[in-house]
Amino acid sequence: MRILVIAAAMLAPLFAQQNSINPVVRGIVSEVSEERIAAILKKLETFGTRNTLSSQTGPEHGIGAARKWIAGELESYSPRLQVSFDTHRVKKQGRISRDVEMSNIVAVLPGSIDKDQQVLVTAHYDTIALTRPLTEEQRL
């Protein structure tokens, strides 16, 4: 349900333009929580960096740890949500200073009535830090 809440929040402006909003969509949008979104962003900050070239295997730091956490969060939303990784190798190019394995997190919610319809959840979770992040003391 939380996946639908995030998707609905992004689509809300499109539905708001219509005279009649579907009551299901209205209910989903009403559940969007600024606090929940802030908590997710705060958690993502705890991985230090999600740079493409950061640790793929660290349990608490880097893009690999963030990827595992995101996948776990998505899996917790619904037993019907099919979460997987789309992994591929990228050769050294541009800002990628060495060959690296990259993984997209794919979440698919199959239709409950029409099995051919699906809800896909997508997002961008790596980072490029162009400045040094503030320390905890600097933030206070």
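Predicted model: local features only at pLDDT ≥ 70, side-chain atom pairs only at ≥ 80, totals over all residues.
**Exercise 1. The overall layout**

Describe how the elements of the protein run from the N terminus on, and say what percentage of its residues is buried.

*Solution.* 
- Step 1: Read them off in order, starting at the N terminus: α-α-α-α-β-β-β-α.
- Step 2: Check burial. Of the 140 residues in the protein, 27% are buried.
- Step 3: Check the reach of the contacts. Take those with a separation of 6 or more; 44% of them join residues 24 or more positions apart.

**Exercise 2. Helices H3 and H4**

Compare the end-to-end reach of H3 and of H4 with the expected values, then list the buried residues of H4.

*Solution.* 
- Step 1: Start with H3. Its 12 residues reach 17 Å from first C-alpha to last, close to the expected 16 Å.
- Step 2: Look at the N-terminal end of H3. Ser33 caps it, with a side-chain oxygen 3.2 Å from the backbone nitrogen of Glu35.
- Step 3: Now H4. It has 15 residues and reaches 21 Å, close to the 21 Å expected.
- Step 4: Go along H4 for burial. The buried residues are Ile63, Gly64, Ala65, Ala66, Arg67, Ile70, Ala71, Glu73, Leu74 and Tyr77.
- Step 5: Ala65 counts as buried because its relative accessibility is 5%, below the 20% cut-off. Beyond its neighbours within four places in sequence, Ala65 is in contact with Phe47, Gly58, Pro59 and Glu60.
- Step 6: Ala65 and Arg50 sit 15 residues apart in sequence and 8.7 Å apart in space.

**Exercise 3. The aromatic pair**

*Solution.* 
- Step 1: Locate the rings. Phe47 and Trp69 have ring centres 6.3 Å apart.
- Step 2: Use the angle. The planes lie at 50°, so the pair is tilted; stacked would need under 30 degrees and edge-to-face over 60.
- Step 3: Phe47 is in the loop between H3 and H4, Trp69 is in H4, and 22 residues separate them.
- Step 4: Phe47 is buried at 4% relative accessible area, whereas Trp69 is partly exposed at 22%.

**Exercise 4. Salt bridges and Thr52**

Track down the two salt bridges in the whole structure, then find the polar contact that the side chain of Thr52 makes.

*Solution.* 
- Step 1: Side chains of opposite charge can pair when their charged atoms come close.
- Step 2: Take Arg36 and Glu73, which meet at 2.9 Å, N to O. This bridge links H3 to H4 across 37 residues. Arg36 is partly exposed, at 29% relative accessibility.
- Step 3: Take Asp126 and Arg95, whose closest N and O atoms are 3.4 Å apart. Asp126 is in the loop between E3 and H5, and Arg95 is in the loop between E1 and E2, 31 residues away.
- Step 4: Compare the two ends. Asp126 is buried at 16%, while Arg95 is partly exposed at 45%.
- Step 5: Bring in Thr52, from the loop between H3 and H4. Thr52 is buried, with a relative accessible area of 3%. The side chain of Thr52 makes a polar contact with that of Asp126, at 2.8 Å.
- Step 6: Check what else Thr52 touches. Not counting residues up to four places away in sequence, the list includes Arg95 and Asp126, both partners of the second bridge.

Note on methods
Residues numbered from 1 in each chain as written. Heavy atoms only, no water. Phe/Tyr/Trp six-rings, centres within 6.5 Å; stacked < 30°, edge-to-face > 60°. Helix = DSSP H or I, 4+ residues; strand = E, 2+ residues; numbered from the N terminus. Buried < 20%, exposed > 50% of the residue type's maximum accessible area, 1.4 Å probe, protein only. Salt bridge = Lys/Arg side-chain N within 4 Å of Asp/Glu carboxyl O. Expected span 1.5 Å × (residues − 1). Polar contact = N/O pair within 3.5 Å; in protein donor to acceptor, adjacent residues only side chain to side chain. Contact = heavy atoms within 4.5 Å.
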